[in-house]
Number of protein chains: 2
Amino acid sequence: VTETLDPRIAARLRRDRDGLIAAVVRAHDTGEVLMLAWMDDVALHRTLLTGRATYWSRSRSRHWVKGETSGHHQYVRSVALDCDGDAVLVSVAQAGPACHTGAHTCFHNDLPLGGEAGTGGAGASPGPGALPGSGDPFRADRR
Amino acid sequence: VTETLDPRIAARLRRDRDGLIAAVVRAHDTGEVLMLAWMDDVALHRTLLTGRATYWSRSRSRHWVKGETSGHHQYVRSVALDCDGDAVLVSVAQAGPACHTGAHTCFHNDLPLGGEAGTGGAGASPGPGALPGSGDPFRADRR
């Protein structure tokens with residue numbers, strides 16, 4: 001078992017200044033987008049090798065295996081690199097909720113379209129007072 | 001029409017060192033993941049205000065409206081911020097193929113699971129010679 005990412009894959013990655021690519025995680029069966037996480041070369045290597053989704057935490061500056069504390073593991077079914085090498089699409093069988101908040105997915109805060117109320121847009125704007133989720137406590141760094 | 005992103009939204013973003021968040025783009029009807037792009041505050045503001053998906057190009061260091069050269073616009077149906085503010089999920093009506101290569105989506109390069117052939121893994125590895133897409137020309141920075 002090799003300790004490092006296949007150099008032919010590594011050569012195709014286009015990392016950000018912190019050496020990371022984006023990992024879009026979807027449910028392999030429904031196709032639903034569950035979350036977005038980050039991977040360095042080691043995280044991608046471990047994900048491919050072990051079949052357990054492994055990421056780099058930008059807030060904690062360490063690797064983490066999804067579910068290591070919550071038990072909500074992600075069993076990897078496939079990983080696809082995108083055309084310009086800065087993102088992978090990870091298809092998983094998700095145990096439990098994907099989000100650390102307990103929500104089914106991490107994308108549960110809709111943003112208003114059409115600009116602020118009364119200043120233009122398509123009339124679909126719910127206005128500033130209706131920003132969904134604005135009253136929710138905003139917890140960072142805990143997933 | 002305001003020129004800047006709603007400060008209540010801006011306050012919830014957790015940007016990388018280049019001031020960017022990830023934008024996961026999916027087809028609003030099928031849910032299929034089409035591509036991954038990047039947004040700064042201005043790109044997010046314009047996307048919400050105009051309903052045309054607008055991104056920041058890391059390679060060209062400028063904003064771009066998806067489809068401005070290809071005609072393959074993305075008409076935004078909804079935008080959702082994730083739990084920790086570093087990514088949005090943009091649901092779009094996609095005109096034409098999403099990928100600059102002409103492919104339906106940008107995620108068309110499957111990576112092998114299970115490590116290199118003969119060194120472990122679940123036996124599902126196709127081996128080094130079978131790395132999908134390894135023979136394809138790798139075009140960066142053109143989407």
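# Close-up views of a predicted two-chain model

**View 1. A loop serine of chain B has a positive phi.** Ser61(B) sits in the loop between β3 (54–57) and β4 (62–65) of chain B. Its phi is near 55°, a positive value in a residue other than glycine. The model shown here and in the other views is predicted.

**View 2. A loop serine of chain A has a positive phi.** Ser61(A) lies in the loop between β3 (54–57) and β4 (62–65) of chain A. Phi is positive for Ser61(A), at about 50°, although the residue is not a glycine. Ser61(A) is partly exposed, with 49% relative accessibility.

**View 3. Arg14(A) and Asp86(A) form a salt bridge.** The two side chains meet at 3.6 Å, N to O. Arg14(A) comes from the loop between α1 (7–10) and β1 (21–27) of chain A. Asp86(A) comes from the loop between β5 (74–81) and β6 (87–94) of that chain. The pair therefore ties together parts that are 72 residues apart in sequence. Asp86(A) is buried, at 0% relative accessibility. Over all chains, the structure holds 14 salt bridges.

**View 4. Asp41(A) forms a salt bridge with Arg15(A).** The closest N and O atoms are 2.8 Å apart. Asp41(A) belongs to helix α2 (residues 41–50) of chain A, and Arg15(A) to the loop between α1 and β1 of chain A. The pair links distant parts of the chain, 26 residues apart. Both ends are partly exposed: Asp41(A) at 22% relative accessibility, Arg15(A) at 32%.

**View 5. Asp86(B) and Arg14(B) form a salt bridge in chain B.** Their side chains meet at 3.6 Å, N to O. Asp86(B) is in the loop between β5 (74–81) and β6 (87–94) of chain B. Arg14(B) is in the loop between α1 (7–10) and β1 (21–27) of chain B. These parts are 72 residues apart in sequence, and the pair ties them together. Asp86(B) is buried, with 1% relative accessibility, while Arg14(B) is partly exposed, with 22%.

**View 6. Shared partners build a salt-bridge network.** Arg14(A), Asp84(A), Asp86(A) and Arg58(B) are joined into one network by salt bridges that share partners.

View 7. The sulfur of Cys99(A) has its closest cysteine sulfur in Cys83(B), 3.7 Å away. A disulfide needs the two sulfur atoms within 2.5 Å, so the gap at Cys99(A) is too far for a bond. Cys99(A) is buried, at 3% relative accessibility. Cys106(B) is in no disulfide either, and its nearest cysteine sulfur, that of Cys99(B), is 3.7 Å away. Cys106(B) is also buried, at 0% relative accessibility.

**View 8. β5(A) and β6(A) run antiparallel.** The two strands are joined by 7 bridges. Tyr75(A) has Ala93(A), in β6(A), as its bridge partner. Strands of a sheet pair through backbone hydrogen bonds.

Conventions: Residues are numbered from 1 along each chain as its sequence is written. Chains are lettered from A and ligands numbered from 1 in the order in which they are written. This is a predicted model: local features need pLDDT of at least 70, side-chain atom pairs count only at pLDDT 80 or more; totals for chains, interfaces and linings use all residues. Side-chain values use heavy atoms; hydrogens and water are left out. Buried means under 20% relative accessible area, exposed over 50%, partly exposed in between (1.4 Å probe, protein chains only). A salt bridge is a side-chain nitrogen of Lys or Arg within 4 Å of a carboxyl oxygen of Asp or Glu. Helices (H or I, at least four residues) and strands (E, at least two) are DSSP runs, numbered from the N terminus. Two strands pair if DSSP finds at least two bridges between them.
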